[in-house]
Amino acid sequence: MALERQVRAKIAGKRDLEKDKEAQYWIEEVLGEKFPAGVLYEDALRDGLILCKLINKLEPGAVAKINTSGGQFKMMENINLFQQAIKKYGVPDLDVFQTVDLYEKKDIAQVTSTIFALGRACYKHPEFQGPFLGPKPADECKRNFTEEQLNAGQAIIGLQAGTNKGASQAGQNIGAGRKIILGK
């Protein structure tokens, strides 16, 4: 029982309420509608409706059928449809939360992290005009070297190769040396 409590405390410690608010604000801006009043962030997202509307706003038709009623399996299906759609949109599989993280509220920090990953993926879609969430991912900076430049680089021995033209720190004494006095 103590281990379970420790695991829950560690997961809860990862959660940043400011990031949750930032993600909620971004979702509201993209959708053009506010979350239901008096409902917690995780409770508003729990049935997957808002998430499915969000991905459909970013990529029209990404989720063809959103379940608006039904039992917990229909709501969990909404979450699964959202997860599949964001992977197609460009969110790496590594960044996608597990269904139980949201539905059973096991790791809301991971859910927020996924929303930030979706916000970053929006930068890669020029048809989306914003608002954006999170930092812009770096673009590829491909460099083209001539054959002459590549050959010149092979003649240089870098410091990582283990040499610095014979220089070493052998014989250097910094500070007082260690003195061991026996017999006192």
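**Entry 1: the model**
I am working with a predicted model.

**Entry 2: α4 against α5**
I started with helix α4, residues 49–58, and helix α5, residues 72–89. At what angle do α4 and α5 pack? I found about 25°, with the axes 9 Å apart. That makes α4 roughly parallel to α5, because angles under 35 degrees count as roughly parallel. I noted the handedness too: α4 passes α5 in a left-handed crossing.

Next I looked up who makes the contact. On the α4 side I listed L49, L51, C52, I55 and L58. On the α5 side I listed N78, F82, A85, I86 and Y89. I then sorted this contact by class. I got 9 nonpolar residues, 1 polar residue and no charged ones.

**Entry 3: α2 against α4**
I stayed with α4 and turned to helix α2, residues 17–31. The axes of α2 and α4 come within 10 Å. They cross at roughly 55°, and α2 and α4 are therefore oblique to each other. Is the crossing of α2 and α4 left-handed or right-handed? I have it down as left-handed.

From α2, the contact takes in W26, I27, V30 and L31. From α4, I50, K53, L54, K57 and L58 take part. By class I wrote down 7 nonpolar, no polar and 2 charged residues.

**Entry 4: α7**
I moved on to helix α7, residues 108–121. I checked its length against its residue count. At 1.5 Å a residue, its 14 residues should span 20 Å. The end C-alpha atoms are 20 Å apart, so the two agree.

How many of the 14 residues of α7 are buried? I read 11, so I call the helix mostly covered. The buried ones are I108, A109, V111, T112, T114, I115, F116, A117, L118, G119 and A121.

**Entry 5: H125**
I then followed the chain to H125. Where is H125 placed? It lies in the loop between α7 and α8, the latter being residues 147–154. Is H125 buried or exposed? Its relative accessibility is 15%. H125 counts as buried, because the cut-off is under 20%.

Last, I looked up what H125 touches. Leaving out residues up to four places away in sequence, I found E59 and Y89.

Conventions: Residues are numbered from 1 along each chain as its sequence is written. This is a predicted model: local features need pLDDT of at least 70, side-chain atom pairs count only at pLDDT 80 or more; totals for chains, interfaces and linings use all residues. Side-chain values use heavy atoms; hydrogens and water are left out. Axes are lines fitted to C-alpha atoms, for helices over the stretch in contact, and angles run from 0 to 180 degrees between N-to-C directions. Helices (H or I, at least four residues) and strands (E, at least two) are DSSP runs, numbered from the N terminus. Angles under 35 degrees count as roughly parallel, over 145 as roughly antiparallel, 65 to 115 as roughly perpendicular and the rest as oblique. A crossing is left-handed if the near helix is turned anticlockwise from the far one by less than a right angle, and right-handed if clockwise. Contact means heavy atoms within 4.5 Å. Ala, Val, Leu, Ile, Met, Phe, Trp, Tyr, Cys and Pro count as nonpolar, Asp, Glu, Lys and Arg as charged, and the others, Gly among them, as polar. The expected span of a helix is 1.5 Å times one less than its number of residues. Buried means under 20% relative accessible area, exposed over 50%, partly exposed in between (1.4 Å probe, protein chains only).
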